[in-house]
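Hi,

Here is the structure I promised to pass on. Have a look at it first, and then read my notes below.

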Amino acid sequence: MHAHRPLAIPLISTTLVGLTVLWVFPENLGFWRSVAIVSGWAGCGLLAASLLLMIREARLAAWLGGLESMYRWHHRLGVSAYLALLVHPLALATAGWSEAPALAWAMLAPWQQGWPVWLGWAALLCLMTGLALALSPAMPYARWRGLHNLLALAIVLALGHLLLLGLDYLLLWSPLLALALILWRFLRADLGLAATPHVVARVDHPSAEVVEVRLQPLAHPLAARPGQFVLAAFLDGPGFRGCGEYHPYTISAVAPDGEIALGIKALGDCTRHLQTVVPGVAVRIEGPFGDFLNERPAGPELWLAGGIGITPFLGVLRSGPLPHPVRLIYLHRNEHDATFRDEIATLAKIQPRLALDIIACGDRLPDLAALLPAAPDLAGHECYLCGPPGLLAAAVRLLRQRSVSPARIHFEHFDFR
Amino acid sequence: MMRKLFLLGTGAFWIAVLLVWAGARWLPSVPEQALPPTEKRFTLEEIARHASPEDCWMAIERTVYDLTPYLPEHPSRSGIVDPWCGKEATEAYRSKMKGRPHSPEADHLLTQYRVGALEEP
């Protein structure tokens with residue numbers, strides 16, 4: 001999906017880096033000193049581009065190809081910025097090396113320098129530590145989020161480094177832009193100024209570890225479609241204290257009056273606590289994001305759902321008659337885990353274009369080779385997948401082996417770290 | 001992929017820093033150029049004739065420097081350094097950034113631009 005704007009992010013990033021470097025491109029300087037200047041400013045431009053992709057605005061996300069694509073590029077550009085900034089002090093040292101190794105070391109040794117270099121080192125070490133933690137998949141989310149702020153601190157320190165070097169104020173536009181983007185993200189997304197207020201109107205428990213909440217808008221309703229997702233922070237309510245963190249949840253239903261339903265599985269501390277949420281709890285919603293299952297081309301479709309991955313498909317089934325033939329394969333572990341099974345079976349009876357397979361496969365990865373249609377039966381199909389990462393990876397591999405082109409395989413990772 | 005790049009980059013960076021440190025510690029330094037025995041001497045009036053960024057001399061700690069070729073490389077904006085062209089700039093040189101002197105690297109760099117000594121008053 002989003003094939004219409006695949007170059008938007010690379011073009012914006014190249015423009016930001018190009019403008020920054022062109023602005024400061026050195027003339028009549030030695031090679032390594034020039035490399036140092038270019039790498040430092042290229043790092044600033046890359047950081048600004050990376051931070052632009054961190055702000056969570058629904059329109060920007062739709063324009064840039066979705067939050068997943070933005071976060072993927074946020075990581076790529078952030079690491080590229082870090083690598084460019086590592087070159088900066090090394091190139092300065094190399095410039096001194098031709099005169100004397102001691103001079104090269106004097107460029108790096110903080111105790112031989114002053115505040116400008118101390119702040120530069122502090123920024124680089126903050127970036128190094130922050131990235132090491134940000135790229136740690138095993139870290140609990142709350143701690144990961146807190147330590148992610150080290151990266152914002154790195155930008156502030158880098159700005160101090162540049163100011164104390166006495167650089168011209170006009171030169172500082174890219175680090176100032178980076179700082180402005182951090183502030184934007186903090187105020188609009190983290191503090192929730194961009195969020196719309198909702199209240200929990202109803203709570204259902206379709207299976208042991210899943211709760212479905214229906215949220216009534218208190219201001220304007222969201223222009224949401226089934227299959228999209230929102231970032232929701234559950235706050236306090238009668239006898240309930242929410243964790244207040246924004247997490248992504250798929251929309252499982254959209255009512256004409258603007259009420260939306262979210263399916264929430266107990267996957268972490270916050271979502272486990274949400275299993276006890278009650279009507280009346282205040283919720284702030286950002287989004288909607290994503291276009292999974294939207295703008296689907298005409299033709300037969302294969303839907304593969306694993307566990308709570310059934311939610312976007314349920315949203316579409318609830319919204320009205322299917323326009324094309326669909327085969328839905330819904331995999332779940334056991335009887336207790338079969339979220340919405342009865343409702344989906346009922347919907348299948350009134351959806352004449354839907355062929356439904358509901359399969360219990362225990363705790364092991366199912367035999368997808370036997371479950372998925374053979375290559376001739378997949379010809380001309382659009383394949384939509386939603387489920388745990390292991391299932392997605394195995395299904396994509398198998399579909400590719402069965403000659404389904406990548407453009408016809410659609411899925412979202414829901415990994416927003 | 002990003003994690004691998006990060007680890008590779010970080011490892012290479014610290015190895016390079018270690019190499020620079022080892023080079024500074026164990027490789028011989030080029031001996032400082034001996035000063036010419038009959039060094040030219042300039043008065044403050046003579047230095048004052050070189051008071052523009054295109055022809056910028058300064059006296060620092062009784063030594064006279066022609067900093068014209070270095071000015072474009074100086075990291076500070078021109079408004080900070082240019083006003084010292086043609087002047088005795090020892091105090092400015094010593095008090096960079098709220099009383100802090102320039103680094104040993106800057107001291108070393110300065111020697112390249114030496115043109116003579118300041119005439120005794």
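**What I found**

Let me start with helix 6 of chain A: its 20 residues reach 28 Å from the first C-alpha to the last, close to the 28 Å expected at 1.5 Å a residue.

The contact takes 34 residues from chain A and 28 residues from chain B. On the chain A side, the elements that give two or more residues are helix 4 (67–97), helix 5 (101–108) and helix 6 (115–134). Which of them gives the most? That would be helix 4 of chain A, with nine residues. By type, the chain A side divides into 24 nonpolar, seven polar and three charged residues. As for the complex, the predictor gives an ipTM of 0.78 and a pTM of 0.74.

Another helix to look at is helix 2 of chain A (residues 31–52). Helix 2 of chain A has 22 residues and reaches 31 Å from first C-alpha to last, close to the 32 Å expected at 1.5 Å a residue. Because 16 of those 22 residues are buried, helix 2 of chain A is largely enclosed by the rest of the structure.

Next, a single residue. A:Ala61 sits in helix 3 (residues 58–63) of chain A. Is A:Ala61 buried or exposed? A:Ala61 has 23 other C-beta atoms within 10 Å, so it is buried; the cut-off for that is 20 or more. Leaving aside neighbours within four places in sequence, A:Ala61 is in contact with A:Arg56, A:Gly66, A:Leu67, A:Met70 and A:Phe289. A:Phe289 is 228 residues away from A:Ala61 along the chain, yet their C-alpha atoms are separated by 7.0 Å.

Now for the strands of chain A. Six of them close into a barrel in the order 1-2-7-6-3-8, with antiparallel pairing. On average, neighbouring strands of this sheet are turned by 45° against each other, direction ignored. As background, strands of a sheet pair through backbone hydrogen bonds, either parallel or antiparallel. Helix 10 (residues 311–319) of chain A lies across strand 6 (247–254) and strand 7 of chain A, running at about 20° to strand 6.

Finally, chain B. It has six helices and six strands, and from the N terminus on they run α-β-α-β-β-β-α-β-α-α-α-β. Of the 121 residues of chain B, 16% count as buried. Of the contacts in chain B with a separation of 6 or more, 69% are between residues 24 or more positions apart.

A word on confidence before you zoom in on chain B. The mean pLDDT of chain B is 80, and 79% of its residues reach 70 or more. Among the elements of chain B, helix 1 (residues 2–26) has the highest mean pLDDT (93), while helix 5 (residues 96–99) has the lowest (48). Where pLDDT is low, the predicted coordinates should not be read in detail.

Cheers

Technical notes: Residues are numbered from 1 along each chain as its sequence is written. Chains are lettered from A and ligands numbered from 1 in the order in which they are written. This is a predicted model: local features need pLDDT of at least 70, side-chain atom pairs count only at pLDDT 80 or more; totals for chains, interfaces and linings use all residues. Two residues are in contact if their C-beta atoms, placed from the backbone, lie within 7 Å. Helices (H or I, at least four residues) and strands (E, at least two) are DSSP runs, numbered from the N terminus. Ala, Val, Leu, Ile, Met, Phe, Trp, Tyr, Cys and Pro count as nonpolar, Asp, Glu, Lys and Arg as charged, and the others, Gly among them, as polar. Two strands pair if DSSP finds at least two bridges between them. Axes are lines fitted to C-alpha atoms, for helices over the stretch in contact, and angles run from 0 to 180 degrees between N-to-C directions. The expected span of a helix is 1.5 Å times one less than its number of residues. A residue is buried if 20 or more other C-beta atoms lie within 10 Å of its own, exposed if 12 or fewer, and partly exposed in between; C-beta atoms are placed from the backbone. pLDDT is the predictor's confidence in each residue, from 0 to 100.
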